[in-house]
Amino acid sequence: MTQPAPSAQHNGPDKGALTGPADTPPSKTGSGGRPALGLRLDVRILSLLGVLAALVLVGGITEPDAFLDTGNLQLILTQASVIGVVTVGMTFVITSGGIDLSVGAMVALASVWATTLATQEYGFAGIAFTAVIVGVAAGLVNGVLIAYGGMVPFIATLAMLASARGLALMITDGKTQIVTVDPVLSLGLPDSYFLGIPPLVMMFAAVTVIGWLILNRTTFGRRTVAVGGNAEAARLAGIDVRRQRLYLYVLSGLCCGIAAFMLIVLAGSGQNTNGNLYELDAIAAAIIGGTLLSGGRGTIVGSVLGVLIFTTITNIFALNNLQSDVQQIAKGAIIVAAVLVQRRTLRGGET
């Protein structure tokens with residue numbers, strides 16, 4: 001199988017459990033014996049872990065009884081799981097140099113389609129299958145329009161955002177669709193927890209591990225990085241760039257379908273407002289995690305840490321009865337800081 005040309009291929013050293021070829025940019029040693037860029041990315045991951053630890057400390061100090069309660073920690077992980085699965089798919093898309101503004105709308109569409117009375121008649125399997133297949137179908141439409149229709153990802157996914165939201169509203173007629181299938185609802189109950197871990201968290205962990213392996217240990221992952229780094233060089237190296245982009249948007253849709261099913265379990269219903277602003281949260285989590293918005297580098301571990309940071313911030317603000325506008329300002333400040341650090345890291349690696 002033909003491999004990408006050196007200019008497009010990702011040749012970073014394998015860093016073990018936290019980083020891999022796609023998590024680590026090409027290793028470069030700066031002037032004056034400065035550390036390689038790959039080492040700087042390791043520092044970024046450690047920094048994110050430090051930020052997360054600091055947030056846990058703040059939550060433990062401000063609301064020790066409520067924040068450190070086992071139920072609250074389970075809630076944080078459960079809430080992070082839904083947007084986390086979406087973020088894994090978004091990480092692949094951004095790494096390839098694309099963007100997907102329709103993920104929240106696709107989650108909403110998949111959730112309401114999977115909770116109609118006709119679908120619920122088929123039970124657990126019917127709901128799960130419908131949620132996933134609707135997400136995949138919507139992602140396929142995005143992929144065809146972008147890869148073979150020549151549309152700019154921003155425009156194509158923006159159109160999908162509007163269309164999917166409208167279709168979700170049409171299906172529900174603005175009403176909440178209550179789930180009556182007990183096997184689905186039982187997944188959200190404490191009785192279904194395994195060793196204190198909610199099933200949704202285990203699903204998120206499985207998606208994360210699979211996503212990391214695909215991005216860091218497969219030809220598909222190397223091609224994704226190559227396309228994002230230099231699409232023309234990747235094409236000259238024998239990579240079918242259009243097909244690769246198609247697959248990536250289908251993958252994003254698949255993650256949205258899985259997230260929709262998880263949201264159904266969590267909420268016990270389907271609503272056309274589900275997934276509101278998921279696209280912004282997923283993009284922000286991927287960026288602060290170290291994924292380049294311009295493409296060519298992606299890190300699943302960093303994206304997951306970004307999701308956990310944002311979810312923990314939201315929980316701390318809620319427990320302390322702080323206004324949501326202050327919460328949004330805090331999130332915005334974190335995003336700006338992450339981008340500035342990212343630019344400084346890249347400039348340092350180029351010298």
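**Figure 1. The whole chain and its contacts.** Residues 24 or more positions apart account for 77% of the contacts in the protein chain with a separation of 6 or more, where contact means heavy atoms within 4.5 Å. This is a predicted model, in which local features need pLDDT of at least 70 and side-chain atom pairs count only at pLDDT 80 or more, while totals for chains, interfaces and linings use all residues. Residues are numbered from 1 along each chain as its sequence is written, and side-chain values use heavy atoms, with hydrogens and water left out. The protein chain has 15 helices and two strands; these are DSSP runs numbered from the N terminus, helices being H or I with at least four residues and strands being E with at least two. Of its 351 residues, 51% are buried. Here buried means under 20% relative accessible area, exposed means over 50%, and partly exposed is in between (1.4 Å probe, protein chains only).

**Figure 2. The largest nonpolar core.** A nonpolar core is a set of buried Ala, Val, Leu, Ile, Met, Phe, Trp, Tyr and Cys residues joined through side-chain atoms within 4.5 Å. The largest one has 73 residues, and Val85, Val86, Val107, Ile127 and Val184 touch the most other members. Helix H12 (residues 241-267) gives the most to this core, with twelve residues. Take a look at valine 85: beyond its neighbours within four places in sequence, its contacts are Phe204, Val207, Cys255, Ile258, Ala259 and Met262.

**Figure 3. Helix H12 from end to end.** Glycine 268 follows the helix with a positive phi, near 70°.

**Figure 4. Helix H3 and its kink.** H3 (residues 70-95) has 26 residues and reaches 35 Å from its first C-alpha to its last, close to the expected 38 Å. A kink of about 35° is centred on serine 81, the bend at a residue being the angle between axes fitted to the seven residues ending there and the seven starting there. At the start of H3, a side-chain oxygen of aspartate 69 comes to within 3.0 Å of the backbone nitrogen of glycine 71. With 20 of its 26 residues buried, H3 is largely enclosed by the rest of the structure.

Figure 5. Glutamine 120 is found in helix H5 and is buried, with a relative accessible area of 9%. Its side chain reaches the backbone oxygen of threonine 115 at 2.8 Å. Glutamate 121 sits in the loop between helix H5 (117-120) and helix H6 (123-148) and is exposed, at 67% relative accessible area. Its C-alpha is 9.6 Å from that of threonine 180, although the two residues are 59 apart along the chain.

**Figure 6. Asparagine 216 in helix H9.** Asparagine 216 lies in H9 (residues 199-217) and counts as buried at 3% relative accessibility. The side chain of asparagine 216 reaches the backbone oxygen of tryptophan 212 at 2.8 Å.

Technical notes
Polar contact = N/O pair within 3.5 Å; in protein donor to acceptor, adjacent residues only side chain to side chain. Expected span 1.5 Å × (residues − 1).
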